[in-house]
Amino acid sequence: MPRSQFPLTRAEVFCQRFGLRLPVLLAPMAGACPPSLSIAVAEAGGLGACGALLMPPAAILDWVQAFRAAGHRPFQVNLWIPDPPPKRDAGHEAALAQFLAAWGPPVPPNAGDVMSLDFAAQCDALLASGAPIVSSIMGLYPPEFVQRLKRHGVSWWATATTVAEAQAAEAAGADIIVAQGMEAGGHRGAFDATRAEAQMVGLFSLLPAVVDAVRVPVVATGGIADARGAAAALMLGASAVQIGTGFLRCPEAQIAPAWADGLGRARPEETVVSRSFSGRPGRSLATAYARAATAAGAPVPAPYPVQRGLTQAMREDALKSGDVERMQVWAGQSAMLARAEPAGDVVRSVWDGALRALTG
């Protein structure tokens, strides 16, 4: 179906298709998408989201049940596509443990032995949950799972960080492309982790290029936190906008106060993309730990999820003590625009302001 050249018509068609009142979506952030936040966004007319990376099947089903207890509103559930098994290096991991000991408790000897969850079982849970939308990041779902989604009438949204990834996703059967600019907080969605830092494309260059390269609707994400960003994304061809960091200061997000306060102070240049927390490139506040871990002479992070296991003791200790300089504080480049207000108010403000900008 040809896409309308008129931003508001395009957004209206998208909303009608997915049962939304407003084209403002919550990004599915693993560990930062409690049902309370999704409920608030959905009640305001947007789309709720669950980042299920770290959730076993039972937890996925529990999340969906909690969300639906507040009403049958639309939502998406997101999974990472697994990387190949990481290559281990005991000597290098020992050097990392020594480095990390200066930032928190001693690293347990087996900290790097992180077992990923059963991806196939998680996929089964997505279908069992009855989620109307299933999204992916870090790659594409296997063809057989895509076929199962289609048979169940589930819409598949694929995150892409380059035009080539977007085209591959469309060819694989994705119904929607989520174009993620490099400004986004948290993990980069690159299909190939080894090339993630080499292909850092800003949203307002990526978005129109993806829109021109695919036939399916495109959702814009990365660096959008207010009405100005939403209006600009729609003008560049997006059918909706997806916001992550812009919702994290909302009380419904329930993140650590030190994290929320740090977001409110962070200028765009005060974030950094590094592998320091998990082994996968992710954008966080440029904290003391992040700066030290990316400085010359610091040990190279272990691959994902080994690095995540090695940093767990530090991250947990920092969370208990409220020490933002050692926390895993994911933050997009527009973090300073995030408002410490109810999520429903943020949704309405983003859309009302975008509507005014688009209609003059």
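**Notes on the sheet and its helices**

1. Eight strands make up an open sheet, ordered β1-β9-β8-β6-β5-β4-β3-β2, with parallel pairing; pairing here takes at least two DSSP bridges between two strands. Strands (E, at least two residues) and helices (H or I, at least four) are DSSP runs, numbered from the N terminus. At the edges sit β1 (24–26) and β2 (48–51), each pairing on one side only. On average, neighbouring strands are turned by 25° against each other, direction ignored.

2. A caveat on the source: this is a predicted model, where local features need pLDDT of at least 70 and side-chain atom pairs count only at pLDDT 80 or more, while totals for chains, interfaces and linings use all residues. Residues are numbered from 1 along each chain as its sequence is written, and side-chain values use heavy atoms, leaving out hydrogens and water.

3. Inside the sheet, β6 (residues 176–180) runs parallel to β8 (residues 218–221), joined by four bridges. Ile 177 stands opposite Val 218 in β8.

4. Now the helices. α2 lies across β1 and β2, at about 170° to β1; angles run from 0 to 180 degrees between N-to-C directions, with axes fitted to C-alpha atoms, for helices over the stretch in contact. Helix α5 (residues 119–129) lies across β3 (75–80) and β4 (133–137), at about 170° to β3.

5. α2 (residues 35–43) also packs on α15 (residues 343–359), at about 40° with axes 8 Å apart. The contact (heavy atoms within 4.5 Å) is made by Leu 37, Ala 40 and Val 41 of α2 and Ala 343, Gly 344 and Val 347 of α15.
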